[in-house]
Amino acid sequence: DLVFGFKQRGPAAVEAVNVFHPVTYEGNVDWDNIATEGERQSIISQVDNFGQTPIQLFKAKHPRRERVLPLYHPFLHSPALLAPSGAPLCLSRGVPAVLLRFLS
């Protein structure tokens with residue numbers, strides 16, 4: 001929502017403290033009506049040094065994502081890899097033993 005969405009411009013952007021210099025927004029510079037070459041170079045330097053705001057792709061708020069359920073993976077859920085307690089066999093830092101066996 002901040003980069004490409006509805007909080008990029010307007011009151012939602014101000015409320016989210018997501019505002020940038022006006023010359024960085026698409027369509028805010030009328031290149032044909034710039035008075036002096038110094039002003040043109042100043043605008044080009046502003047964009048070169050600080051970047052441009054991307055094109056706003058979404059004008060409305062995105063719907064919330066539904067909860068994603070974990071996927072079953074045979075390497076991580078094999079009964080042979082469970083300790084007697086039923087917990088996965090792990091080594092230090094929580095790395096499943098099967099991954100270490102697979103990588104070695």
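The face of α2 that is turned away from its buried side carries D48 and N49, which are exposed, a word used for a relative accessible area over 50%, while buried means under 20% and partly exposed lies in between (1.4 Å probe, protein chains only). The model is predicted, with local features needing pLDDT of at least 70 and side-chain atom pairs counting only at pLDDT 80 or more, whereas totals for chains, interfaces and linings use all residues. Residues are numbered from 1 along each chain as its sequence is written, and side-chain values use heavy atoms, leaving out hydrogens and water.

The buried residues of α2 are I43, Q46 and V47. Seen down the helix axis, these buried residues fall within an arc of 90°, so they line one face of α2, the arc being that of the directions from the axis to the C-beta atoms. After α2 comes G51, whose phi is positive, near 90°.

Confidence is given by pLDDT, the predictor's confidence in each residue, from 0 to 100. The mean pLDDT of the protein is 75, and 63% of its residues reach 70 or more.

| Element | Mean pLDDT |
|---|---|
| α4 (residues 97–103) | 48, the lowest |
| α2 | 90, the highest |

Over residues 98–104 pLDDT stays under 50. Where pLDDT is low, the predicted coordinates should not be read in detail.

Methods:
Helices (H or I, at least four residues) and strands (E, at least two) are DSSP runs, numbered from the N terminus. Contact means heavy atoms within 4.5 Å.
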